[in-house]
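Q: I have a new model to read. Can you take me through it, starting from the surface?

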Amino acid sequence: MGCGLAGGVAAPMLLNSSNDVDFFIHSYYEFQLFGQTLSINTTMVSTVIICIVLLALVIFARHEIMKDYDEPNAVQNAVEMIVEMLDKMVVGIMGSNAKKYMNYVEVLIAFIFLSNISGLFGLRAPTADFGTTFALALITFVMIEYAWVKNKGIRFVKDLFEPFPIFFPVNVISEFATPVSMSLRLFGNVLAGTIMMGLWYGLLPWFVKIGVPAFLHVYFDLFSGAIQAYVFAMLTMTFIADRYN
């Protein structure tokens, strides 16, 4: 197990003193591939489950919207309200370029939000694994740089030397720091909630586990999860939109 890192690193002995304390990544199955030991772990299983749930919700929503009702039903109204709200948010930040990135941003929000709240359903949040958040940040990083090159062409190199040529190393480091900072921000916040809940369930007496954890789950999983999904999406949209200025 590893605290937020993919792999099968053993948990510290201090935490193993209580069998109930568990906020680590577990390896379910290990196998050899090209001389390397790979494993199917908690993050992978949770990610697959979340993707299946997300796909099922999309198929169900599409099925309901395509039905010919005399009046819109509750599902249609809810889906239209959510989509319109997200569309307005993307357009408000990205302006005329919103249409190119709308699908990506909205799917990103949905995946991160479902991942963050998966603890409510007994899963370990995939976003509490740095491997997941760094992969998401790398995808965003590629899209940021693509927008920059597409908008500026070869002139993007000139921007790296502004405002003065001596700032070139700083600008390069700043570019590559973007996916690191975005991934660490999401990873750190979600992992903190995962650790807090693990310690609460594992170390405190039974009578404080009645009722109180429900409020903690609302904050750490639902409220904080929604905020972190929004922040990650906002940073994505802001960085991409900035490349068109």
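Q: What does the accessible surface of the chain come to?
A: This is a predicted model, and the value is computed from it. The accessible surface is about 14,600 Å². Carbon and sulfur atoms hold 71% of that surface.

Q: Which residues form a nonpolar patch on the surface?
A: Among them are Tyr 28, Phe 31, Phe 34, Ile 40, Val 45 and Leu 57. The patch has about 1,100 Å² of accessible area together. Elements giving two or more residues are β1 (27-33), β2 (36-41) and α2. The largest share, five residues, comes from α2.

Q: Why does Phe 31 count as partly exposed?
A: Start with the cut-offs: buried means under 20% relative accessible area, and exposed means over 50%. Phe 31 has 31% relative accessibility, so this residue counts as partly exposed. Phe 31 lies in strand β1.

Q: Where do nonpolar side chains tend to be in soluble globular proteins?
A: They tend to be buried together. In this chain, buried residues make up 37% of the 245 residues.

Q: Which residues of the largest nonpolar core touch the most other members?
A: Tyr 101, Val 105, Ile 112, Phe 232 and Ile 240 do, in a core of 35 residues. Helices supplying at least two core residues include α4 (98-117), α5 (130-152) and α8 (212-242). The largest share, eleven residues, comes from α4.

Q: What does Ile 240 touch, not counting residues up to four places away in sequence?
A: Ile 240 touches Met 94, Tyr 101, Met 143, Ile 144 and Ala 147.

Q: How many helices and strands are in the chain?
A: There are eight helices and two strands. From the N terminus, the order is α-β-β-α-α-α-α-α-α-α.

Methods:
Residues numbered from 1 in each chain as written. Predicted model: local features only at pLDDT ≥ 70, side-chain atom pairs only at ≥ 80, totals over all residues. Heavy atoms only, no water. Helix = DSSP H or I, 4+ residues; strand = E, 2+ residues; numbered from the N terminus. Buried < 20%, exposed > 50% of the residue type's maximum accessible area, 1.4 Å probe, protein only. Areas by Shrake-Rupley, 256 points an atom, 1.4 Å probe, with all protein chains shown as cover. Core = buried A, V, L, I, M, F, W, Y, C linked by side-chain atoms within 4.5 Å. Contact = heavy atoms within 4.5 Å. Patch = residues over 30% accessible without salt bridge, like charges linked within 9 Å, V, L, I, M, F, W, Y side chains within 5 Å. Salt bridge = Lys/Arg side-chain N within 4 Å of Asp/Glu carboxyl O.
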